[in-house]
Structures are given as structure tokens and as C-alpha cells.
Amino acid sequence: MLIAQHYLHLRQHFVGRQENEQQEVTLAELAAVFFCTIRNAKMIIKQLAEQEWIEWMPGRGRGNVSRIVFLRSVEQVVVSIAKAHVAQGDLDKAMRLLGEPMTPLRAKERFLDWLSGQFGFRTEEIEKRTRDTLRMSFYRTIPALDPPFVGRRTESHMVNQIFDTLIRYDELQEAFLPHLAHHWEADESGTEWTFYLRKGVLFHHGRELTAHDVVWTFQRIADPKTGSPYLYMLAEVERIMAVKDTTVVITLKRPNHMLLSFLASDRMSILPSEIVAQKGAEFTRLPVGSGPFRLVRNDEQMFILEAVPTYFLGRAHLDRVEIWVVPQNSLRENYFSSEGEVHFQTFWKTLEPMEKWTGLERIERGSTYLAVNLNRTGPLQKKEVRHAIHRLLDREKMIADLGGNRHVPAYGFLPDEKAVSPIDAPMELQEALKVLQKSINKDERIRLFTYEGAGNENNAGWLQQHFAQYGLLFDVTVLPIEELRKPEVLLQADMVFSGEVFDEQWELGLLELYKSDASFVRIMWDAATRTRMDAELDLFMQEQEKEGRRERLRHIEELLREQHAVLFVFHSLQQSAYHSALAGVSLNALGLVEYKNIWFKQ
């Protein structure tokens with residue numbers, strides 16, 4: 001890329017000179033343009049001539065000037081090099097070249113028009129075989145895929161492509177279905193569960209999955225030394241035993257009606273112990289599972305899945321899924337869908353008529369929120385101050401101002417929770433202003449933290465500007481999510497802006513939000529709130545009937561609303577689009593697509 005920068009500097013220096021026109025120049029002048037010695041300037045000119053970007057006619061004798069002719073436009077050179085970077089799998093380097101201040105707008109547009117044609121579905125002939133590839137873009141890397149530590153939507157989705165669980169939950173049937181276990185049963189007391197495994201299920205490295213892998217996986221999660229935030233899922237387990245290679249017995253301390261939900265969670269995906277030990281820390285980036293796809297590349301540039309021919313539920317129709325990492329910058333914002341996870345239609349600007357595309361959308365099952373730090377001294381410890389902030393937060397204006405996939409104001413974590421508790425009866429605007437004036441000093445600042453990506457920078461910026469008009473000053477800190485998850489970092493904030501999206505098992509998702517030590521909501525609770533909520537959650541897990549469990553969850557959410565410990569902000573609209581040549585496409589609860597079901601009609 002350095003040689004291209006030299007050419008850009010040279011063309012900028014002779015900004016009015018067209019291609020195929022001679023220009024007089026001295027080596028001293030070129031050395032000044034390239035910020036180097038005359039000797040190095042000669043080497044750069046030689047390289048540019050070898051690329052056939054210029055024609056060089058050196059001056060003969062002392063005092064004679066040399067002549068240069070530009071043979072390629074800046075646009076031609078930049079686009080050519082950017083394409084070469086992409087061919088080498090280095091999209092980031094191409095985007096950085098396009099981001100150079102000297103790169104003309106037309107070169108950026110031309111490259112991105114070309115790049116848009118590289119995404120979507122592609123059929124290639126590879127070694128006399130047809131390979132069907134689905135290629136998409138994403139705004140960040142996907143580095144953390146060890147199931148007992150996964151906490152983000154996209155990582156969770158990818159874990160489901162790479163791994164398998166004992167059972168699966170089907171939302172349409174509202175039932176648990178066989179998966180790695182083809183049958184299970186419980187004794188009359190509900191404390192001893194026996195699971196019978198399928199034979200012949202293979203991990204991606206070729207070894208058969210057995211009951212011993214199930215035992216090792218669960219023991220690893222249950223071991224406090226592992227540090228999994230999902231340790232609580234196995235807290236009621238007294239013993240896990242492999243009776244034989246295809247039979248696992250789980251003994252509970254007492255009945256737990258959430259056990260099947262836990263076992264269907266992607267956090268409980270079954271792992272090969274020897275590969276985890278062999279790879280060590282590398283396992284989280286390049287894991288090995290038994291799912292329909294195996295991960296063959298995962299770095300700063302690309303995430304590549306390949307179909308497993310021997311998958312026990314049948315081979316995927318797709319051969320390959322490629323996700324190219326396109327970093328967040330002005331180029332991405334102009335040409336790529338900006339806030340979603342992985343989508344088929346990754347460009348706002350498309351070369352094909354939109355009538356060839358089918359749109360999908362659904363209201364996200366989840367909500368963005370502001371969680372208040374109940375441990376940190378300051379004005380937010382007063383419930384009336386939190387109530388005043390809740391009253392002054394104009395959610396509809398935020399949605400209108402920022403647009404995108406921000407859809408409707410949130411009343412709770414789930415979009416169908418329309419009713420507002422009487423406790424939430426609105427405080428009068430003037431009363432809210434008086435509360436702030438009385439409780440917050442003029443120069444006092446509220447520390448608002450959030451994490452990078454997903455539109456959070458814009459959300460936090462809007463909140464900062466909105467509340468400034470009421471004299472409430474926010475200091476915004478945006479961090480990588482891995483950094484923000486550290487309690488010692490998060491607890492420095494007065495509030496955190498975040499969001500939760502729940503999959504088909506939304507009851508489990510809410511339980512995870514309240515119980516997991518990686519949850520922003522739980523970390524922000526003080527000791528008294530945590531004790532009270534844990535007692536409520538214990539009752540929830542002992543509740544046998546589904547409606548009874550859901551009523552418990554509604555009660556817990558009402559307690560949070562009553563204290564204004566969580567201020568709900570908005571629900572998002574999940575949107576995607578796919579080409580008419582694709583079949584088997586539907587959005588799951590996360591707003592993503594199961595790649596195994598997709599196939600090409602042409």
C-alpha cells in the first residue's frame with residue numbers, strides 16, 4: 001500500500017496535470033514530495049515506472065531537469081490495488097487505502113460498487129465441483145466462541161452453527177425436541193434424569209461424541225475455577241455420570257423445572273475435551289464442535305464456515321459461509337447496513353433492482369436500556385432522581401432523531417409488554433426538573449458507559465445532548481465490550497447503556513440476564529437488590545407451570561421498574577433482505593438465519 005501512497009502524494013503535488021502529459025521535475029523536488037532522500041526518491045520512481053503507472057525520462061547532465069508522464073489515473077490505481085487486497089483476503093487494508101484523504105470520491109464509489117457485487121450468493125467451480133457460497137459483511141470480528149463464555153447475539157448464533165446440545169427447544173411447538181440425545185426420562189421425584197445419546201455423531205476432528213464428553217463439558221462449566229458466568233445453570237446438580245458411552249445420568253439436589261431449558265441452551269454445547277486442552281486459549285477463536293458447519297478461518301479479516309458432509313441430521317445445502325469484516329468508518333456507514341448483525345443484503349446501495357430481493361422484518365424480542373449503578377455514591381442513589389431521568393427521557397424523539405432500526409419505545413424487556421405499572425405513573429415535567437435542580441449540583445456530571453458498535457455511540461451521544469438541555473451533564477465513555485464486562489470497570493459508571501436480545505427461550509434469557517455474573521444489569525445491583533432478586537429467581541425456578549414462571553418474571557421486572565433500577569428505552573426492528581434465488585430463509589428470534597436450511601434455486 002506504501003507505493004500507492006507515494007503515487008497519491010505525487011498526483012496531489014501535480015494536481016492539475018492530466019494523464020499522458022509531460023511534467024518537468026527535479027529529483028530534489030521529488031525527494032520533498034516523498035519526504036525522503038534523493039537516493040530513495042530514485043528507488044520510488046523506479047518502482048512506479050515498473051508498475052507502469054508513470055513514464056520516467058531522467059535529465060542528462062548537471063542542471064537538466066527530468067520529465068515524468070502519468071499513465072494511470074488515481075482512480076485506476078487505487079481501485080486496482082484495493083481489489084488486489086480483497087483477492088488476498090485483506091479487506092481491511094483495502095478500506096484503509098480508500099480512507100486515505102487523497103483518494104478521490106469517485107474511486108471509493110467505483111470500488112464499493114464492485115465490492116457490492118462480491119457479496120450475496122456465489123456459485124463457483126472448484127476442482128471440477130460446484131461450490132455454493134453465501135458471502136456477507138459484518139462490522140466487527142467474532143473472536144469469542146467458547147460456549148460457556150458466550151454473551152453476544154452473533155457469537156451465540158455462530159455457536160449454534162458449530163456445536164450441538166443434548167436437546168433443542170422448538171418455539172412453534174413449545175416443546176423440547178431430541179438432538180444429541182434421542183430420548184430422556186426422569187424419575188418420579190424429578191431429581192434423576194437419564195439421557196440416551198445417538199450413536200455415530202462425530203466431532204469435526206473425526207472422533208465420536210460420547211457420554212464422557214457430556215460429563216466433561218458439564219463438569220467444566222460447574223467448576224468455579226473455569227469462571228463461566230453460567231455456573232448457576234448447574235448449581236442444583238449433585239452428580240453427572242456416564243453410565244455407558246451412550247447414557248448420561250444427571251442427579252439433582254431438588255427438582256428444577258428449568259433443567260431442560262438449561263440443557264437446550266447453546267451455553268451448554270458439548271465439547272471435545274482433548275481439543276479444548278490441546279488448543280488452550282486458541283479454542284475460543286477456532287473451536288471444534290459437532291455442528292452442521294466447521295470453522296476454518298477466524299481472524300481480523302474473515303470468518304469462514306464450511307459444511308460438514310457427515311453431520312448427523314443431514315448435510316447443509318450450502319457449502320460455505322464467508323463473513324468479511326468491514327470495519328466501522330464513514331465508508332461502511334455510507335454503503336453498508338450499519339447496526340445489524342449479519343445480513344444477506346449488506347449494502348444500502350445495490351447494483352440489482354430491489355424487486356429481486358425479499359425483505360424480512362420482525363420486532364426484536366428484547367430492549368435497549370439504561371441500567372443504574374446502585375453501588376456508586378451520588379445523586380442516582382435517590383429513587384426520585386432516577387424517576388426524574390425516566391420522565392425526561394423522550395424515547396419517541398430519540399427514535400425519530402436517530403432512525404435506523406430503532407422502532408418503538410420500550411415498556412419492558414419484551415415488546416408485547418404494553419401495560420405500564422401504576423408505579424410508573426408519569427411524574428410531571430416541572431416536578432422532574434425541580435428534582436434534578438434540587439438533587440444535582442450545577443457542575444456535577446453523570447458517568448454514562450456503553451460498548452462499541454451496534455449504534456451505541458450514537459445512542460449515548462443523543463442521550464448526552466438531550467439531557468444537557470435539562471442541566472444534566474453526561475460524561476460518555478465508549479469501551480470494547482470485553483473491557484466493559486469487567487466489574488471493576490463497569491462499576492465506575494453511574495449508568496450503562498446496553499441492550500438485550502432473547503432467542504426462542506426468552507424465559508431462560510431473562511433468567512440469564514438476572515443471574516449471570518456477566519450481566520450488566522446484575523453487576524449494577526447493590527447487595528440488597530441482589531439478595532431480593534435471587535430469592536425471587538429461586539421461586540421462579542421452582543415454579544412447575546409455564547404461566548406461573550412467566551408471572552414470576554413479570555413481577556421481577558415490575559420490581560426493577562418500581563425502583564427505576566432499569567430504564568427501558570426502545571425496541572428495535574430486525575430487518576434483513578435476501579435474493580430471490582435463495583430458498584429456506586427465515587429469521588430466528590435473534591434476527592439471524594440458520595445457514596443449514598438455505599439453498600440456491602439457480
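I call a residue buried under 20% relative accessible area, exposed over 50%, and partly exposed in between, with a 1.4 Å probe and protein chains only. I am working on a predicted model, in which local features need pLDDT of at least 70, side-chain atom pairs count only at pLDDT 80 or more, and totals for chains, interfaces and linings use all residues. Residues are numbered from 1 along each chain as its sequence is written, and side-chain values use heavy atoms, with hydrogens and water left out.

**Entry 1: aromatic rings**

I paired rings of Phe, Tyr and Trp (its six-membered ring) if their centres lie within 6.5 Å; planes under 30 degrees apart are stacked, over 60 edge-to-face, and the rest tilted. By this rule I get 15 aromatic pairs. I looked up Phe413 with Tyr514: the centres are 6.4 Å apart and the planes stand at 65°, so I log the pair as edge-to-face. Phe413 is in the loop between β17 (406-409) and α14 (429-439), while Tyr514 is in helix α18 (residues 506-515), so this pair ties together parts 101 residues apart in sequence. For element names I use DSSP runs numbered from the N terminus: helices are H or I with at least four residues, strands are E with at least two. Phe413 and Tyr514 are both buried.

I then looked up Phe413 with Phe568, which is also an edge-to-face pair, at 4.8 Å centre to centre and 85° between the planes. Phe568 belongs to strand β21 (residues 566-568), and its pair with Phe413 links parts of the chain 155 residues apart. Both Phe413 and Phe568 are buried. I noted that ring pairs link Tyr369, Phe413, Phe502, Tyr514, Trp525 and Phe568 into a cluster.

**Entry 2: charges over rings**

I count a charge as over a ring if NZ of Lys or CZ of Arg is within 6 Å of the ring centre and within 35 degrees of the ring normal. Arg11 lies over the face of Phe70, 4.3 Å from the ring centre. Arg485 has its charged end over the ring of Phe520, 5.4 Å from the centre.

**Entry 3: sheet with β1, β2 and β3**

Two strands pair if DSSP finds at least two bridges between them. I find an open sheet of three strands, ordered β1-β3-β2, with antiparallel pairing. Its edge strands are β1 (22-25) and β2 (54-57), each pairing on one side only. The twist averages 25° from one strand to the next. β2 and strand β3 (residues 66-70) run antiparallel and are joined by four bridges. Phe70 of β3 is the bridge partner of Ile54.

**Entry 4: sheet with β8 to β11**

Here I find an open sheet of four strands, in the order β8-β9-β11-β10, with antiparallel pairing. The edge strands, β8 (181-186) and β10 (237-244), each pair on one side only. β10 pairs with strand β11 (residues 247-252) in the antiparallel sense over six bridges. Val249 in β11 is the bridge partner of Met241.

**Entry 5: two helices**

My axes are lines fitted to C-alpha atoms, for helices over the stretch in contact, and angles run from 0 to 180 degrees between N-to-C directions. Helix α1 (residues 2-13) packs with helix α3 (residues 38-50) at an angle of about 100°, the axes being 10 Å apart. That makes α1 roughly perpendicular to α3 (under 35 degrees is roughly parallel, over 145 roughly antiparallel, 65 to 115 roughly perpendicular, the rest oblique). Taking contact as heavy atoms within 4.5 Å, I list Ile3, His6, Tyr7 and Leu10 from α1 and Ile44, Gln47 and Leu48 from α3.
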